[in-house]
Amino acid sequence: MAIPNADPTLHNADLAPTAPAQRTWSARDFAALWIGMAACVPTYMLAGGLVDLGMSWWQAVLTVALGNVIVLAPMILTADAGTRYGIPFPVLARASFGVIGANTPSLLRGLVACGWFGIQTWIGGSAIYHLLRALGGRDPNAAAGADLPLLGITLGELACFLLFWAIQVVVLWRGIESIKVLEVWAAPFLIAMALLLLIWAWTKAGGLGPMLQAPSQFGPDGAKEGQFLRVFFPALTGMVGFWATLSLNIPDFTRYARSQRDQVLGQAFGLPTFMTLFAFLGVAVTSATVVIFGEAVPDPTALLGRLGGGFGVVLALLALSIATLSTNVAANVVSPANAVVNLAPRRFTFRHGAMLTAALGIAIFPWKLIETSEGYIFTWLVGYSALLGPIGGIVIADYWLLRRRVLEVDDLYRRGGAYEYVRGTNHVALLALGMGIALCVPGFLAAAGIVGAAEVPAFWQAVYTYSWFVGFGVGGGMYWALMRALGSDRGGRPSTLVAGGP
């Protein structure tokens, strides 16, 4: 939808508000979107990773469920603006950060998505690799060749990684509408495949009891007796962090919603329900592998590689490929692509942003981010939640508390309007963002092993444990307080912050 007198440096067809004819997504479409994104290997590995850290199966599944119920709240709050005004996240962020300053939060969100794109691509490539070995009749435990220098993976693993990367590039080149089609067709297939895998594990393990018999290590006589809370709170933060990404850029999708009711119902049904279902699936099947193979096989790609050749392997390859593809193109491409477009709308399109995302997904060596459960949950998930929590707090405080859902849409695409602030940047928002992030930096340095844990006081390590919550509260609270102190009206023009304003 065209904006009269829009600044070409702030506006193009990809960033413009959606027209009524484009708003076709129903509650079913949003539920399918979340089923497609939840049904992926990282979800499967979430609860399994918590069991690996000492939880029982029910403690792990409830932790995942609670984290997703919590993150659903900011998800729906941010989604409201997308549906109400038809704008994507980078444009919504202009209201709080300024028409130029919005590049900072959108790029931070985009960089995290590039990391996830790489991880998902690695998982998809790994599925192809393991299953090709199974089709070739090779022992899954046999050596697969020497690792390549610097990369730390074999030539075969690299080739499969690049093959799956190329498949995704073909889909991405077709644009945003292909994502909707993919999710709608993939969702019922993924549910059926998940249930078949659970039935297989149930049959092979001799029932549900043996599958879920492992006790919590935090109970009496457990190896980690009395240490449950030390694992639970950072794990909960990690579960929230898992979808803290989409809780920011969900307007990129809800701008196509038919109504607020459609986006709320679709998300409320799709997100917590199927994240919990697939987390349980991961715990149950992983526990069953201990009975079936004599050892835990938490990686479903490696598990499927042990099932032998034939039709079952081909079907498993198809299921994993669709699961990974449907999650990756929806959750990890739209945000960075729109962030690139927002940088220079006259030069870049969605396709350019998608291709850049794909390139960065290779460059980050994603296999190194998920080598261990501790690294995956405590460093990657909790770490980036420290970046995204403050952004979510600021955007929600601005839209719901300061502006009461009232935006001057035309000014979001103009210089000198209500969101110009000082040369296009709201420094109050950047200050609040920086403060929310800074509080978590010492703990992150210790968690990532950059500095020794003994060198970081226990208080700062505890703050990092709650990084998303701390960042969300500090960033949003500080922004709201300073903006109220400086003065702003409901329509959005903070008078003392607008260049040339009264």
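The following questions and answers concern a predicted model. Residues are numbered from 1 along each chain as its sequence is written, and side-chain values use heavy atoms, without hydrogens and water. Because the model is predicted, local features need pLDDT of at least 70 and side-chain atom pairs pLDDT 80 or more, while totals for chains, interfaces and linings use all residues.

Me: How many helices and how many strands does the protein have?
Reply: Helices (H or I, at least four residues) and strands (E, at least two) are DSSP runs, numbered from the N terminus. By this assignment, the protein has 21 helices and zero strands.

Me: In which helix is Thr254 found?
Reply: Thr254 belongs to a run covering residues 251–254. The name of this run is helix H11.

Me: Is Thr254 buried or exposed?
Reply: Buried means under 20% relative accessible area, exposed over 50%, and partly exposed in between (1.4 Å probe, protein chains only). The relative accessible area of Thr254 is 0%, so this residue is buried.

Me: Which residues is Thr254 in contact with, leaving aside its neighbours within four places in sequence?
Reply: Contact means heavy atoms within 4.5 Å. With those neighbours left aside, the contacts of Thr254 are Phe30, Ala79, Gly82, Thr83, Gln263 and Gln267.

Me: What share of the 502 residues in the protein is buried?
Reply: Thr254 is one of the buried residues. Cys114, at 5% relative accessibility, is also buried, as is Cys160 at 8%. For the 502 residues of the protein, the buried share is 58%.

Me: What does the count of disulfides come to?
Reply: A disulfide is a covalent bond between the sulfur atoms of two cysteines. The rule applied here requires a pair of cysteine sulfur atoms within 2.5 Å. By this rule, the count of disulfides is zero.
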